[in-house]
Every structure is written in C-alpha cells, then in structure tokens.
Amino acid sequence: MTEPVYKELLTIMQKRGGGYAGMDIPEFFAMAAALFTPEQAAMNNALPRTGTAKEIAELVGKTEAETETILEDMANSGLCSANRQDGTVYYGSAIFMPGILEWQFMTGTTTERDKEKARLIDAYKKAHDVVLPRSEQKPTFAGTRVITVDRTIEDGNTVNTYDQVKTYIDKNDSIGTAACYCRHKAVLLDEDTHGMPNQVCMSFGAGVDFMVERLGGRKLTKEEAMKVLDETEEAGLIHMTNNVTDNISFMCNCDRWHCVHVTGLLEQSKPAEFFNSGFEPLFDPETCVACETCIDRCPATALEMGDNDLPVVDLDRCFGCAVCATGCPSEAISMAAKPDYPQPPKDNKALGEAFRVSQS
C-alpha cells in the first residue's frame with residue numbers, strides 16, 4: 001500500500017504543474033519512493049517557493065538544525081533548489097520538469113542507484129504517455145524557442161541580439177555546464193546516444209552556482225563556453241532556451257532521439273507551431289552539390305530533395321535550427337529571417353501572460 005506521504009506528494013506535484021507533473025499510476029509511486037525518502041517527501045510537500053531553513057522549520061514544526069539537514073540532503077540530491085544570497089541559503093520547491101527529474105542526472109555519474117532511478121523515471125514517463133499521449137498536445141504560446149546558429153544567417157538580414165547565442169555568453173559572467181539529462185539517462189539505460197556530446201547542458205546567471213555546487217556541474221569561461229557551442233554545432237545539436245529576449249537562464253543543446261521536449265514536438269504534424277527560431281533555410285543552387293547531408297542532419301525531417309537536385313523545406317516541420325546549414329560541406333545553405341515573425345516576450349512574466357492568453 002502506498003504511504004500517505006506519497007499520495008500527498010502526488011497532489012502537491014500536480015498543483016505545481018510542469019511536465020510530467022503527476023499521474024495516479026503505479027509507476028509514479030515507484031519513482032517517487034526511489035527519489036524521496038518519506039521524510040524528504042514530507043519536506044517537499046511543505047516547501048514554499050523559497051525560504052530559509054529557519055522559515056521552513058517553522059512551517060514543518062522541526063528545529064532549524066533538523067530542517068537544514070534534510071534540505072541540504074535534498075538540494076544535493078536534486079530534489080529542491082538552493083540559492084545563496086548574501087551568505088544565506090534559500091531553499092525552494094521545484095517541479096518535475098524542468099527541474100527535479102533533470103537534476104537527477106546532471107552529475108554524469110553511472111552508479112547502480114543512477115541506473116535504477118533512470119529505469120523508474122523512464123517507466124513512469126512511458127506509462128504517463130500511454131495515458132496522455134504527447135501527440136494530443138494543442139498549440140499554445142511557445143514556452144521555449146530555438147536559437148539559430150548566427151554565423152549561418154544570410155547577409156543583409158537584421159539579426160537581433162536575442163537571436164545570437166554569443167549575446168548571452170558575452171553578457172553573463174557566470175556560465176556553467178553539466179551532463180544533459182536526456183542523453184545521460186540514455187547512457188544509464190544502455191541506449192544508443194549516436195555519438196552526441198553529453199556535458200553540454202548550459203546555465204547562465206544565478207542558477208550556475210546551484211548546478212556547480214549541488215549537481216556536479218562546472219563553471220566555464222566565455223572562451224570555454226564558445227568551444228562547447230562549436231562542439232554542439234558540429235554534432236548537429238539544437239540550441240533551445242526559454243522564449244524570452246531579456247535574458248535566459250539556460251540553454252539546452254538537444255538531439256532528436258532523446259530530448260524530452262524535442263521528441264514530443266516531433267510527434268506533432270507541425271512542430272514549427274510549437275517552437276521556432278524565426279529563421280528558415282535558403283539553398284544556393286550555384287553551390288549546392290546535392291550530397292543530401294542536410295537531409296540526413298535535419299532533426300525535424302523537414303527536408304527532401306526536390307526538382308533540379310535542390311533540397312526543399314517543409315516549413316510546417318522546420319523550426320529553423322540551422323543544423324542543415326552548419327553541416328553543409330559546400331556552404332550552400334544560409335538562414336533567412338521569416339517575414340513578420342513575432343518578437344519573443346521580454347521576460348518570464350510577459351511569457352506567462354502570453355501563455356495564459358493563448359489558453360483562454
């Protein structure tokens with residue numbers, strides 16, 4: 001019989017929302033019991049959005065020392081957030097995705113416990129998707145966006161700062177990287193990772209210290225960050241981040257086989273409706289040699305060879321990642337801005353409002 005504390009955890013996680021928030025199925029409770037001890041589950045259920053150990057102790061009826069010990073174990077296990085401000089640690093509640101589930105594997109370790117967690121998380125997600133297929137999603141305002149590779153942008157296009165990855169590297173003094181949750185879970189499950197690099201999940205700003213201190217990440221210099229980007233672009237990974245212009249807190253470098261977000265979108269008939277960079281590929285008939293490298297590299301399977309041995313693009317599927325352009329041996333592909341493509345919201349508050357409007 002499932003302990004009441006895990007039943008309450010299900011309700012709490014459903015209220016918090018996010019991906020795979022919680023479903024009343026056996027696989028959920030098996031996963032929850034593997035991630036949280038009963039004591040940690042009870043603490044999770046009482047956690048506010050943010051608070052000190054002293055403030056949270058008053059909520060849960062424990063001493064500050066007892067509370068801090070539990071919270072430290074949880075933070076170091078990726079079960080809650082922990083951010084230091086002016087010497088004080090503020091702990092906070094987290095959702096499953098993006099959040100707790102991803103934090104489990106950022107260390108990049110391959111212990112037996114890691115493998116067991118990977119198996120149980122994978123089982124829960126698969127059971128969840130049977131009950132609520134991802135293909136039944138309806139377009140809403142996009143919470144994430146693709147950043148195209150700016151060196152492939154066609155001459156003469158206006159390139160906004162938020163369209164350039166280098167902008168975020170230049171403006172952030174704190175940059176970090178850790179193992180990609182999706183690909184590392186594949187490693188733990190002995191699945192094929194297609195030779196894709198793994199230590200490329202990037203974070204910017206305040207969240208970097210949490211990633212480095214708690215989740216096994218490492219800090220990067222700006223030069224190191226650019227080398228990581230070069231590595232991901234050569235491999236054909238997709239730059240993806242939150243759909244805002246002001247600043248970004250993370251940048252995933254995603255593949256088509258394992259990324260939870262990308263694989264879900266690719267099940268849709270029109271992935272471009274869900275996220276996009278605002279750019280599309282153009283093919284130069286003078287330099288294209290019809291080698292079909294771009295077709296093989298395209299994550300969205302949006303390209304096919306057309307008349308006169310020149311690729312054509314399905315804009316319902318193409319989300320403008322530029323993976324085709326970066327891999328073209330004859331440099332025959334450039335990225336052009338889509339006319340009248342809307343600018344992303346300024347910040348997370350504006351993004352939330354745009355999402356609410358799209359739901360109404």
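Let's start at Phe-36: apart from neighbours within four places in sequence, this residue is in contact with Tyr-6, Leu-9, Ala-41, Asn-44, Met-74, Leu-79, Phe-96 and Ile-100, where contact means heavy atoms within 4.5 Å. Before going on, keep in mind that this is a predicted model, in which local features need pLDDT of at least 70, side-chain atom pairs count only at pLDDT 80 or more, and totals for chains, interfaces and linings use all residues. Residues are numbered from 1 along each chain as its sequence is written, and side-chain values use heavy atoms, with hydrogens and water left out.

Phe-36 belongs to the largest nonpolar core, which has 82 residues; Phe-36, Phe-28, Met-31 and Phe-96 are the ones that touch the most other members. A nonpolar core here is a set of buried Ala, Val, Leu, Ile, Met, Phe, Trp, Tyr and Cys residues joined through side-chain atoms within 4.5 Å. Buried means under 20% relative accessible area, exposed means over 50%, and partly exposed is in between (1.4 Å probe, protein chains only). Helix H2 (residues 26-35) gives this core its largest share, six residues. There's also a second, separate core of 17 residues, with Ile-147, Met-202, Leu-220 and Val-244 among them. In soluble globular proteins, nonpolar side chains tend to be buried together.

Now for the sheet. Helices (H or I, at least four residues) and strands (E, at least two) are DSSP runs, numbered from the N terminus, and two strands pair if DSSP finds at least two bridges between them. Six strands make an open, antiparallel sheet in the order E3-E7-E8-E5-E4-E6. Strand E3 (144-146) and strand E6 (218-220) are at the edges with a single partner strand each, so one side of each has no neighbour in the sheet. From one strand to the next, the twist averages 30°. Axes are lines fitted to C-alpha atoms, for helices over the stretch in contact, and angles run from 0 to 180 degrees between N-to-C directions.

Look at strand E8 next. Four of the five residues of E8 (residues 250-254) are buried, so this strand is largely enclosed by the rest of the structure. Strand E5 (residues 201-204) runs antiparallel to E8 and is joined to it by two bridges, with Met-202 standing opposite Met-251. Strand E7 (residues 238-242) is also antiparallel to E8, this time with three bridges, and here Met-240 stands opposite Cys-252. Helix H11 (residues 222-235) lies across E8 too, along with strand E4 (175-178), E5, E6 and E7, and runs at about 100° to E6.

What about charged side chains? The structure holds eight salt bridges, each being a side-chain nitrogen of Lys or Arg within 4 Å of a carboxyl oxygen of Asp or Glu. Two of them sit in helix H7 (residues 112-131). Glu-112 bridges to Lys-115, with the closest N and O atoms 3.7 Å apart; these two are three residues apart in H7, about one turn of the helix. Glu-112 counts as exposed, at 59% relative accessibility, whereas Lys-115 is partly exposed at 35%. Glu-116 and Arg-119 form another bridge, at 2.9 Å between the closest N and O atoms, and they too are three residues apart in H7. Glu-116 is partly exposed at 36%, and Arg-119 is partly exposed at 43%.Arg-183 and Asp-255 meet in a salt bridge as well, at 3.0 Å from N to O. Arg-183 lies in helix H9 (residues 181-188) and Asp-255 in the loop between E8 and helix H12 (260-266), so the pair ties together parts that are 72 residues apart in sequence. Arg-183 is buried, with a relative accessible area of 1%, and Asp-255 is buried at 2%. Salt bridges that share partners also join Asp-122, Lys-126 and Lys-185 into one network.

Glu-102 is buried yet has no salt bridge, and the nearest side chain of opposite charge, Lys-125, is 8.4 Å away. For charge, Lys and Arg count as positive and Asp and Glu as negative, while His and the chain ends are not counted. Leaving aside neighbours within four places in sequence, Glu-102 is in contact with Phe-96, Met-97 and Tyr-181.
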